[in-house]
Amino acid sequence: MATEAPGYCVVRWTEEQRKAIFPKLKHLNTGKVREIFEVDNETLLFVASDRISSFDVVMPNGIPGKGKVLTQITCFWLRSLKNVEFEWPKGSGEMHPIPNHCIQDDVDKMEFLNSEQRELLRGRCMHVRQCKMLPVESIVRGYITGSGWKDYQNTGHVCGHKLPEGMVHGQMIETPIYTPSTKAEIGLHDENITRAQAAEITNRTMNEYYFINDAAGQVEAMSIALYAAAREIAKKLGVILADTKFEFGVNPLTREITLGDEVLTPDSSRYWPADEYEPGKPQMPSYDKQFVRNWLISGGNRGKSVAIPDTEKEPIVRKTIEKYHQLQKILESSE
C-alpha cells in the first residue's frame, strides 16, 4: 500500500476495495473529495482523496498528492487559529473560543488503524469528533471576485451587502463580509443566500434540538473572526487570502458550535501572491484551483466532468499540484 510512488493517486475506492482496506470501519459517505468512516459512536475518520471538483462537479481523474496537501494545510490553520476568539453576543465584549472537530492528525497515534492503513493514510486523514453539520456554507469575502464580483457589477450588492460604488475586480473589502450559501448535493450548485435566509434555515433546528439561540449569528461572528485572523497571517507571509468557505456543526455532547471539515485550503479558498496583486486585473494569479477553473472555462467545459490533462502541451495536473505545494511551503515556513 505504499503511497509515495510518483503519480500515486487516491481517486475513488469501490465498495469492495473499501471493505478490503478498512474491514472494521463503517463507510458513511463519499463526498466531492473526502471519504468518511465511522470509528465509534462519537468519532469519525476523514480521508482526503486526490479528487478535484470544479463548479460543483467532480472530475474523472485526480491530482496526485492533492489530498495530503489539503489535510496538511487544514492542520496548519487549525494550529494557527486555535487561540482565535469571537465576540458573542455582538457588542457585549464577551469573548469565546472556537472549538474545532479535530482529535488527531497523526496516524501513528490512531490506535484503531493497523500498520498498512497508517501507511496508506499517512498525511491525508484526520480523526474527528462527529458533529451535526449545519445546512449552510459560511463564506467570508475580503476581496471582490468570483460570483461576488458578478453580483456587484449587476446590482452594487453582494448577497445583500451594499458595497461602495466604483470598486474594481480584486479590490479589498475593508471590512470582510459574510455571504452564506446553500449546501447542495454533489452535482448540484450551491446558491448564495442572504443572512436572513441562512438564519431561517439554521436557527429553528438548532434551537429546538440543541437549545442554541441565534446559531446563524454565532456562525457569522465565528467566520468573520477566523477569516480576519487568517488574512493577517497570510498577509505577513506574502499571500492574499481573498475569500474562503467554512463549515460548522454542533457537537452533540457539548452542544457547542464547532468548526469542521476542511479549513482554509486551496479547494475552499482563493489565495493570490501578494507581489503579483493588482486591483482591476480580470484574473489574478493564484495558488488555488482557480487554475483548473480557468482551464475548464477556456475549453467550454464549465460545469462538465472532463479529464484534466497532464501532457507537455497542457500540464494542468502538474501545474495544479505545484501551486498547492507552493502554498503549503509558504504557510508552513512560518512554523
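Residues are numbered from 1 along each chain as its sequence is written, and side-chain values use heavy atoms, with hydrogens and water left out. Because the model is predicted, local features need pLDDT of at least 70 and side-chain atom pairs count only at pLDDT 80 or more, while totals for chains, interfaces and linings use all residues.

Helices (H or I, at least four residues) and strands (E, at least two) are DSSP runs, numbered from the N terminus. Two strands pair if DSSP finds at least two bridges between them.

Strand β2 (residues 34–38) and strand β3 (residues 43–48) run antiparallel and are joined by five bridges. Within this pair, F37 stands opposite L45 in β3. Touching, or contact, means heavy atoms within 4.5 Å. Axes are lines fitted to C-alpha atoms, for helices over the stretch in contact, and angles run from 0 to 180 degrees between N-to-C directions.

## R124, a buried arginine

R124 lies in the loop between α3 (115–121) and β9 (125–129). Is R124 buried or exposed? R124 is buried, because its relative accessible area is 2%. The classes are buried (under 20% relative accessible area), exposed (over 50%) and partly exposed (in between), with a 1.4 Å probe and protein chains only.

Leaving aside neighbours within four places in sequence, R124 is in contact with V10, F46, V47, A48, S49, D50, G67, K68 and T71. One of these, K68, is 56 residues from R124 in sequence but 4.3 Å away in space, C-alpha to C-alpha. The side chain of R124 also reaches the backbone oxygen of A48 at 2.8 Å.

## Salt bridges

Side chains of opposite charge can pair when their charged atoms come close. A salt bridge is a side-chain nitrogen of Lys or Arg within 4 Å of a carboxyl oxygen of Asp or Glu. By this rule the count comes to 16 salt bridges. The table gives some of them.

| Pair | N to O distance |
|---|---|
| K19 and E15 | 3.1 Å |
| K32 and D56 | 2.9 Å |
| E119 and R122 | 2.5 Å |

K19 and E15 both lie in helix α1 (residues 15–21), four residues apart, which is about one turn of the helix. K19 counts as exposed because its relative accessibility is 55%, whereas E15, at 45%, counts as partly exposed.

Why does the pair of K32 and D56 tie together parts that are 24 residues apart in sequence? K32 lies in the loop between β1 and β2, and D56 in the loop between β4 (53–54) and β5 (57–58), so the pair links these parts. D56 has 15% relative accessibility and therefore counts as buried.

Elsewhere, E137, K183, K245 and E247 are linked in a network of salt bridges.

## Helix packing

Helix α5 (residues 195–210) and helix α6 (residues 215–236) pack at an angle of about 120°, with their axes 7 Å apart. The two helices are therefore oblique to each other. Angles under 35 degrees count as roughly parallel, over 145 as roughly antiparallel, 65 to 115 as roughly perpendicular and the rest as oblique. On the α5 side, the contact is made by R195, A198, A199, T202, N203 and M206. On the α6 side, the residues are A215, A216 and E220.

Helix α7 (residues 290–298) has the buried residues Q290, V292, R293, W295 and L296. These buried residues pack against β4, β18 (269–273) and α8 (316–332). Just after α7, G300 takes a positive phi of about 75°.

## S269 in strand β18

S269 lies in strand β18 and counts as buried because its relative accessibility is 4%. Its side chain makes a polar contact with the side chain of T244 at 2.6 Å. A polar contact is a pair of N or O atoms within 3.5 Å; within protein, one must be able to donate a hydrogen and the other to accept it, and residues adjacent in sequence count only if both atoms are side-chain atoms. Not counting residues up to four places away in sequence, S269 touches L241, D243, T244, L264 and D288.
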